[in-house]
Amino acid sequence: MSMLVSILRSLRTMIYGDGCIVCGGYTEEGMHSICNRCRFDIPLTNYQLETNNPVKERFDGIVPVEQASALFFYMGGSRWQELVHRFKYSGKWQLAYAMGRWYGALLRESGLYDDIDVIVPVPLHPLKTLKRGYNQSRYIADGIAREMQLGIDARSVRRVRNNPSQARRSASARWENVEALFSVRSVESLRGKHILVVDDVLTTGATIASCIRAIQEAVPDCKVSVAALATTIHHENL
Ligand SMILES: [Zn+2]
């Protein structure tokens, strides 16, 4: 990079902050925001606008959910896949938070999520959290909570074991594999509430369904909805 370009970039950073958190380009809102071009480019599902949608259908007959949606489609090899990798594996938790705020604003505008009481991020196993340094779903949840003006409960549900890779398993083996991954340690704090369970990427839905099942078994009088930041398009049935 030439000296001139480098100086101009530094000047721009001084004036505008870091720019768009997705592409690094100029954005009027400044640091850690998402520019209009990225907002236009991203393959949004808009599933938050309708109760019956393909994400909600993944849970049909498995666990009862009120509403379920995902912000965008997760496609292998796309820059949106890379975006998820950046906040999952490269320490860019600010990106998870910024995307969460965007999604939270859309959930608020949809009207279907108005009676949510509390947000529960899908917990990672403590050892995994320690290794990664953070739970990315917690930052997505923080962003959503900020826009929806709701509280987060990251303590009542915990992950009691890690699930090994699901990739090579059959659908039924996957289910056995995710049984009893989660436990609820504070029933009282979830009783009678409508809980929004937040995750990063929905693939088969087996892990999040396991989390919901643990909640519903421990707290029978609660309602659960799902917000995943991204969803795969093709999936095997659960
Ligand atoms: Zn951008």
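## Basis of the model

Because the model is predicted, local features need pLDDT of at least 70 and side-chain atom pairs count only at pLDDT 80 or more, while totals for chains, interfaces and linings use all residues. Residues are numbered from 1 along each chain as its sequence is written, and side-chain values use heavy atoms, with hydrogens and water left out.

## Overall make-up

The protein contains 9 helices and 7 strands. Helices (H or I, at least four residues) and strands (E, at least two) are DSSP runs, numbered from the N terminus.

Of the 238 residues, 50% count as buried. A residue is buried under 20% relative accessible area, exposed over 50%, and partly exposed in between, as judged with a 1.4 Å probe and protein chains only. The accessible surface of the protein comes to about 11900 Å², and carbon and sulfur atoms account for 50% of this surface. Such areas come from the Shrake-Rupley method with a 1.4 Å probe; for residues, only the protein chains shown count as cover.

Contact means heavy atoms within 4.5 Å. Among contacts between residues at least 6 apart in sequence, 74% join residues at least 24 apart.

## The zinc site

The zinc ion has the protein donors C20 (SG), C23 (SG), C35 (SG) and C38 (SG), which lie 2.3 Å from it. Donors are N, O and S atoms within 2.8 Å of the metal (3.2 Å for Na, K and Ca); water is not among the atoms, so sites may look incomplete. Along the sequence, the donor residues follow the spacing C-x2-C-x11-C-x2-C.

The arrangement is tetrahedral because the 4 donor atoms subtend angles of 107 to 112° around the zinc ion. Four donors count as tetrahedral if all angles lie between 85 and 135 degrees. With 32% relative accessibility, C23 is partly exposed, while C38 is buried at a relative accessible area of 1%.

## The nonpolar cores

A nonpolar core is a set of buried Ala, Val, Leu, Ile, Met, Phe, Trp, Tyr and Cys residues joined through side-chain atoms within 4.5 Å. The largest one has 36 residues, and those with the most contacts inside it are V22, F72, L83, M99, I144 and L196. Two or more residues are given to this core by each of β1 (68-73), α4 (79-89), α5 (93-110), α7 (136-148), β6 (194-202) and β7 (223-231). Helix α5 provides the largest share of this core, 8 residues. At least three residues come from each of domain 1 (1-41) and domain 2 (43-231); these bounds come from an automatic or database domain assignment.

Beyond residues up to four places away in sequence, F72 touches several residues, including I42, W80, L83, M99 and L229. A second, separate core of 30 residues includes V122, C211, V219 and V224.

## Selected buried residues

F87 lies in helix α4 and is buried, with a relative accessible area of 0%. Apart from residues up to four places away in sequence, F87 touches K92, L95, A96, Y134, Q136, I140, D200 and L229. F87 and S137 are 50 residues apart in sequence, yet their C-alpha atoms are 9.8 Å apart in space.

H125 is in the loop between β2 (118-121) and α6 (126-132), and counts as buried at 15% relative accessibility. Leaving aside neighbours within four places in sequence, H125 is in contact with R159, V160, R161 and N162.

## Selected loop residues

E179 is located in the loop between α8 (171-178) and β5 (182-184), where its 37% relative accessibility makes it partly exposed. Neighbours within four places aside, E179 is in contact with R161 and R213. The C-alpha atoms of E179 and S210 are 6.3 Å apart in space, although the two residues are 31 residues apart in sequence.

Most residues other than glycine have a negative phi. Phi of N46, however, is near 60°, a positive value; N46 is in the loop between α2 and α3 (54-57) and is partly exposed, with a relative accessible area of 36%. Phi of Q149 is also positive, near 55°. Q149 lies in the loop between α7 and β3 (151-152) and is exposed, with a relative accessible area of 73%.

Key. Four donors count as tetrahedral if all angles lie between 85 and 135 degrees; four count as square planar and six as octahedral if opposite donors are over 155 degrees apart and all others between 65 and 115; anything else is irregular.
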